[in-house]
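Here is a short briefing to read alongside the model.

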Amino acid sequence: KARREAAVEESAKPKSVVGGEEFQVQKSYEATYDAILNFLKRSDYNIDSANKEVGQLITAMTITGGYSQTGTRVQVTLIKDIDATTTVKVAVTEQKRKKLLQTEPWSAPKVNDKESAKTADQIKAALQ
């Protein structure tokens, strides 16, 4: 039973994904990072991990559904191009699981392109 619970916990941890939306902003790395962090907090996301040195912001999983659950998480990666330009990558990931007699582990995360584009547009607007 303990091994099963450990597998469920491990499957809920954030994993790196390929894809999502990418755009550049004409702001410094620090200003961009702070603005995106504030945007996520104002949008009622709970921050799971935030590391300014690595340039990554990951929100906690938002779980919807009853027996068939979907977990959604926002992952933002920042890349410092030059002092006044920063590249931002936004990926909204979804994971699924069944919660019947016992909770199943989460599936591998998949990028939701439509939600990634929508969230990237919201972040772009907040950075203006």
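A residue is called buried here when its relative accessible area is under 20%. Keep in mind that this is a predicted model.

**Helix α2**
- Helix α2 covers residues 29-42, and its 14 residues reach 20 Å from first to last C-alpha, close to the 20 Å expected at 1.5 Å a residue.
- Its buried residues are Y29, T32, Y33, I36, L37, F39 and L40.
- Viewed down the axis of α2, these buried residues fall within an arc of 160 degrees, so they line one face of the helix.
- They pack against β1, β2, β3, β5, β6 and α3.
- After α2 comes D44, with a positive phi near 65 degrees.

**Salt bridges**
- The structure holds six salt bridges.
- One of them pairs R4 with E104, with the closest N and O atoms 3.1 Å apart.
- Because R4 sits in helix α1 and E104 in the loop between β6 and β7, this pair ties together parts that are 100 residues apart in sequence.
- R4 is partly exposed at 30% relative accessibility, and E104 is partly exposed at 34%.
- K124 bridges to D121, with the closest N and O atoms 3.8 Å apart; both lie in helix α3, three residues apart, about one turn of the helix.

**Surface patch**
- Y67, L100 and L101 make a nonpolar surface patch of about 470 Å².
- L101 is found in the loop between β6 and β7, and at 91% relative accessibility it counts as exposed.

Methods. Residues numbered from 1 in each chain as written. Predicted model: local features only at pLDDT ≥ 70, side-chain atom pairs only at ≥ 80, totals over all residues. Heavy atoms only, no water. Patch = residues over 30% accessible without salt bridge, like charges linked within 9 Å, V, L, I, M, F, W, Y side chains within 5 Å. Areas by Shrake-Rupley, 256 points an atom, 1.4 Å probe, with all protein chains shown as cover. Salt bridge = Lys/Arg side-chain N within 4 Å of Asp/Glu carboxyl O. Helix = DSSP H or I, 4+ residues; strand = E, 2+ residues; numbered from the N terminus. Buried < 20%, exposed > 50% of the residue type's maximum accessible area, 1.4 Å probe, protein only. Expected span 1.5 Å × (residues − 1). Arc of directions from axis to C-beta. Contact = heavy atoms within 4.5 Å.
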